[in-house]
Amino acid sequence: MSVVFVPKRQRGKAQINQETIQRLLDENDQLVRCITEYLQKGRATECVQYQQILHRNIVYLGTIADAGAEIVPEETQTSANDSVS
């Protein structure tokens, strides 16, 4: 399951930070490798679910980029959480 899949009741509550984006990029890399491997083995039908997840991830990343969402640096986020406690 993709790291960006979030149930409807939790949507909009996730913070977009560099770590989340990097995890998505790493996941996309792995998905592309799996898709390529299956295609090389002639098993195109098994690729469909991975292609759908990859598409969803790419659309999500594009939405973030289009929205111009500010990404909170991890160290700022950590220090902000520490000062609230």
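A: Gln-49 sits in helix H2. The model is a predicted one. With 46% relative accessibility, Gln-49 counts as partly exposed. Its C-alpha lies 9.9 Å from that of Leu-31, although 18 residues separate Gln-49 and Leu-31 along the chain.

Leu-31 is the next stop. Leu-31 belongs to helix H1. Its relative accessibility is 8%, so Leu-31 counts as buried; the cut-off for buried is under 20%. Leaving aside residues up to four places away in sequence, Leu-31 touches Tyr-50, Ile-53, Leu-54 and Asn-57. Those four residues are listed on the H2 side of the contact between H1 and H2.

Now the helix pair itself. H1 covers residues 18-40 and H2 covers residues 48-67. Their axes come within 9 Å. They cross at roughly 150°. That angle makes H1 roughly antiparallel to H2, because angles over 145 degrees count as roughly antiparallel. The crossing of H1 and H2 is left-handed.

Which residues in H1 and H2 meet? From H1 come Ile-21, Leu-24, Leu-25, Glu-27, Asn-28, Leu-31, Val-32, Ile-35 and Tyr-38. From H2 come Tyr-50, Gln-51, Ile-53, Leu-54, Asn-57, Ile-58, Tyr-60 and Leu-61. By class, this contact has 13 nonpolar residues, three polar and one charged. Glu-27 of H1 is among the residues in the contact.

Next, the loop. Glu-46 lies between H1 and H2, in the loop. At 30% relative accessibility, Glu-46 counts as partly exposed. In space, the C-alpha of Glu-46 is 8.3 Å from the C-alpha of Ile-35. In sequence, Glu-46 and Ile-35 are 11 residues apart. Ile-35 is one of the H1 residues that meet H2.

Then the cysteines. Cys-47 has 1% relative accessibility, so it counts as buried.

Finally, the whole chain. The protein chain has three helices and zero strands. Read from the N terminus on, its elements run α-α-α. Of its 85 residues, 20% are buried. Leu-31 counts as buried, and Cys-47 does too. As for contacts in the protein chain between residues at least 6 apart in sequence, 72% join residues at least 24 apart.

Back to the start, then. Gln-49 is partly exposed. Leu-31 is buried. Their C-alpha atoms are 9.9 Å apart, and their helices, H2 and H1, have axes that come within 9 Å.

Note on methods
Residues numbered from 1 in each chain as written. Predicted model: local features only at pLDDT ≥ 70, side-chain atom pairs only at ≥ 80, totals over all residues. Heavy atoms only, no water. Axes fitted to C-alpha atoms, helices over the stretch in contact; angles between N-to-C directions. Helix = DSSP H or I, 4+ residues; strand = E, 2+ residues; numbered from the N terminus. Parallel < 35°, antiparallel > 145°, perpendicular 65-115°, else oblique. Left-handed = near helix turned anticlockwise from the far one by under 90°. Contact = heavy atoms within 4.5 Å. Nonpolar A, V, L, I, M, F, W, Y, C, P; charged D, E, K, R; others polar. Buried < 20%, exposed > 50% of the residue type's maximum accessible area, 1.4 Å probe, protein only.
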